[in-house]
Amino acid sequence: MSKQEQLSSVHLPWFGIPRIVRYFRPYRSMIAVMFACVLMNGLMDIILPLFQQYAIDVFVLGSTTRGIVPFTVLYAALIVAEALMIRAGIYRACKLEMDIGRDMKRDAFQHLQTLSFSYFNTNSVGYIHARVMSDTGRIGSTLCWGMFDGVWNVTYVIGCVISMFCLNAQLALWVVIIVPFVALVSAFFQRKLVIGNRRIREANSKITGGFNEGITGAKTTKTLVVEQRMDEDFHKLTDEMRSVSVRTARYRALFVSLVIFASAIALAMVLWKGGDIAQNAPLIMQIGTLSVFMTYATGLMEPVQWLARVISDLIAVQVNIERVTNLLATESDVKDTPEVIEKYGDCFHPKKENWEPLVGRVTFDNVTFCYPDGDVNVLEHFNLEVPAGFNVAIVGETGAGKSTIVNLVCRFFEPTSGRILIDGVDARERSQLWLHQNIGYVLQTPHLFSGTVLENLRYGKPDATMEEIEKAVKTVCADRVIEKLEKGYDTDVGEGGDLLSTGEKQLISFARAILSDPRIAILDEATSSIDTLTERWIQEAIDKLMEGRTSFVIAHRLSTIRKADVILVVDDGKIVERGSHAELMKKHGFYYNLYTRQFEKESLQQG
């Protein structure tokens, strides 16, 4: 983003707050009570110096103690009442901060569930994590406590100014004259601080991403012996963060210092003029009145300093607001039409009573596809009829684009043109959840969620009985793995399933997939990193999962897909050959060379 674009995107008057007002609306009653408590607290702080004036003029200068008991009782009651108001206000401010932060985190996370794969392909984990966790927390904290402090400060300033003008208009002018100066200084600095804080947040996202990569890739880092390089890269990120933070801190420090300096000058002038009036015209200003005036003038410095601080904080939080609201405004590349949502529901509110049963016939009707960030068509006028129960194998070199067809079948991406029909109906005329509910997807590197084996299995069918779970587990040979685990079904799998081997995770993911009895199976076959016995179990699991289902297999070992009904050969993102194993071998083309090369390689390894 250019400097001009950064400046044009800054909306200073409201600091982006209107964009998140909806999060405060459900808590209007709580905010009203908080405001009332803080307002009462501010009024009490204005009244307290008047007790001081009365005490000096009556008890000290008057040399009497008459009426001191009711005075003391009333003063103590006011102090207690103020303490209760402070407690009630702070409690609601804390609760409001937590509630607002929770709601924004929930919305951000929920919205992420609706976004297509392209968003996650183009945004790092650290980038997303910073928006969902750090930015939402900063917004809740700054705005909730900003409102709390704002009501008190505004009440106190207005009350003090009115009281001071009533006491002595000349002296009051020396206090309020600082306001124009503060406004001019704020207008000068706020744009620089907005841009600086935006750069700080972006640098922080990079650091979070680098930290996340360093932790998740710890094993790879150690095996490649690149600790020094990782450390240097992280140092560069933190140095960048330090540089932009120091630059912004200089502006912030200068801004706050100028305001505080102006406040101190104004206070000095008030004390000088007030002392002069009290000394030369005691009838105009008594000692008690001067004491009240000095208390007010001194007390006004805190709101003035708060004004400088809160403007700086609001400038900083505007960046957080922009980032969160931009995330929430991001639309998925794949989304259901309002008509489809009305009939079938969405992923959070499904209307399963309207879902038609899925048989499993898949048709590519003149499909052309280009990835959102690409400029070359991966598929062009592609046609394919896959009857229900057919097995489609997709083969090709690494990076050839084998996952494209699978992504389209699953509606992770939409065709650029043409249609994909499920049971003869355009997939876009049904909900995404209806389709995904009928797909069993087993990844090459399976992912398990934190929790126990049983909890992970239930992701496939939350209401599954133990009998159904055990049947699914035995069907794909996963019972042989679970029996060896220390706590069986109650064994904790760790984050991402890291406490289990790759083969164990694959078998459990097969059981999870088959538990929901999907009509379409998607398999990213990978058995290169496991032992021979587990490989045989996984092959049995694959056969069981494909049995009676339409299946798409991304094949890595060509010997496992010779029985496929149709084999699609992908090269450089294009379908270059299609047919059965026998048909493709007769052609002596790309598939033949690929198969022969792999067969020779496996023979040499076995020999």
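Two strands count as paired if DSSP finds at least two bridges between them. Strands (E, at least two residues) and helices (H or I, at least four) are DSSP runs, numbered from the N terminus.

This is a predicted model, in which local features need pLDDT of at least 70, side-chain atom pairs count only at pLDDT 80 or more, and totals for chains, interfaces and linings use all residues. Residues are numbered from 1 along each chain as its sequence is written, and side-chain values use heavy atoms, with hydrogens and water left out.

Start with strand S1, residues 362-369. Six of its eight residues are buried, so S1 is largely enclosed by the rest of the structure. Buried means under 20% relative accessible area, exposed over 50%, and partly exposed in between (1.4 Å probe, protein chains only).

Then select strand S4, residues 417-422. S4 also pairs with S1 in the antiparallel sense, over five bridges. Phe364 has Ile420 of S4 as its bridge partner.

Move to helix H5, residues 125-167. How far apart are its end C-alpha atoms? They are 60 Å apart, which agrees with the 63 Å that 43 residues should span (the expected span is 1.5 Å times one less than the number of residues). Centre the view on Arg131, where H5 has a kink of about 35 degrees; the bend is the angle between axes fitted to the seven residues ending there and the seven starting there.

Finish at Leu39, in helix H2 (residues 28-60). At 38% relative accessibility, Leu39 is partly exposed.
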